[in-house]
Amino acid sequence: QVQLVESGGGLVQAGGSLRLSCAASGRSFSSYVLAWFRQAPGKEREFVVAISKSGGSTYPADSVKGRFTISRDNAKNTVYLQMNNLKPEDTAVYSCAASLMLGPVGVNRYPQSSSYNYWGQGTQVTVSS
């Protein structure tokens, strides 16, 4: 089991940057695939980006390619989301998620919210125009 706590959200103007952090408690942090999702009011939860257990591979959604970067520090039990060139449509509650993803891991599993067993409470990101 693992507990996840996000931080770093806030209000930023369009074109600005934010870095979100997700701190995990528990053992075997490096055994988990980690991801960021977001949900805007009235919309479905949307996949943002995932990172492999080792951190060697990342899987960004098309909507954030070139703007958002995920990274992890397994020694600190923390995953980050660096968000650059923010747009008003990025406004949402951002949540981190974790999954052991046992067995064969195909790339199609990473964007699916059903793949993740553990979720943080979320942090609000608001981008003004």
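Buried means under 20% relative accessible area, exposed over 50%, and partly exposed in between. The legends below describe close-up views of a predicted model.

**View 1. Tyr59 and Tyr110 form a stacked aromatic pair.** Tyr110 has 6% relative accessibility, so this residue counts as buried. Tyr59, at 22% relative accessibility, counts as partly exposed.

**View 2. Phe37 and Phe47 form an edge-to-face aromatic pair.** The structure holds six aromatic pairs. In the pair of Phe37 and Phe47, the ring centres are 5.5 Å apart, with 70° between the planes. Phe37 belongs to strand β4 and Phe47 to strand β5, so the pair ties together parts that are 10 residues apart in sequence. Both Phe37 and Phe47 are buried. For Tyr59 and Tyr110, the stacked pair of View 1, the values are 4.1 Å centre to centre and 15° between the planes. Tyr59 lies in strand β6 and Tyr110 in the loop between β9 and β10, so this pair ties together parts that are 51 residues apart in sequence.

**View 3. Four aromatic residues form one cluster.** The members are Phe37, Phe47, Tyr116 and Trp119. Arg45 lies over the face of Trp119, at 4.0 Å from the ring centre.

**View 4. Strand β5 pairs with β4 and with β6.** Five bridges join β4 to β5, and these two strands run antiparallel. Trp36 has Val49 of β5 as its bridge partner. The hairpin of β4 and β5 has six residues between the strands, and Gly42 takes a positive phi near 75° there. Three bridges join β5 to β6 (residues 58-60), again in an antiparallel arrangement. Ala50 stands opposite Tyr59 in β6. β5 and β6 also form a hairpin with six residues between them, where Gly55 in the turn has a positive phi of about 85°. Five of the six residues of β5 are buried, so this strand is largely enclosed by the rest of the structure.

**View 5. The largest nonpolar core holds 38 residues.** Trp36, Val48, Phe68, Leu81, Met83, Tyr94 and Tyr116 touch the most other members. The elements that give two or more residues to this core are β3 (18-25), β4 (33-39), β5 (46-51), β7 (68-73), β8 (78-83), β9 (92-99) and β11 (123-128). In soluble globular proteins, nonpolar side chains tend to be buried together.

**View 6. Met83 and its contacts.** Leaving aside residues up to four places away in sequence, Met83 touches Gly16, Ser17, Leu18, Leu20, Arg67, Phe68, Tyr94 and Val125.

Key:
Residues numbered from 1 in each chain as written. Predicted model: local features only at pLDDT ≥ 70, side-chain atom pairs only at ≥ 80, totals over all residues. Heavy atoms only, no water. Core = buried A, V, L, I, M, F, W, Y, C linked by side-chain atoms within 4.5 Å. Buried < 20%, exposed > 50% of the residue type's maximum accessible area, 1.4 Å probe, protein only. Helix = DSSP H or I, 4+ residues; strand = E, 2+ residues; numbered from the N terminus. Contact = heavy atoms within 4.5 Å. Pairing = 2+ DSSP bridges. Phe/Tyr/Trp six-rings, centres within 6.5 Å; stacked < 30°, edge-to-face > 60°. Lys NZ or Arg CZ within 6 Å of the ring centre and 35° of its normal.
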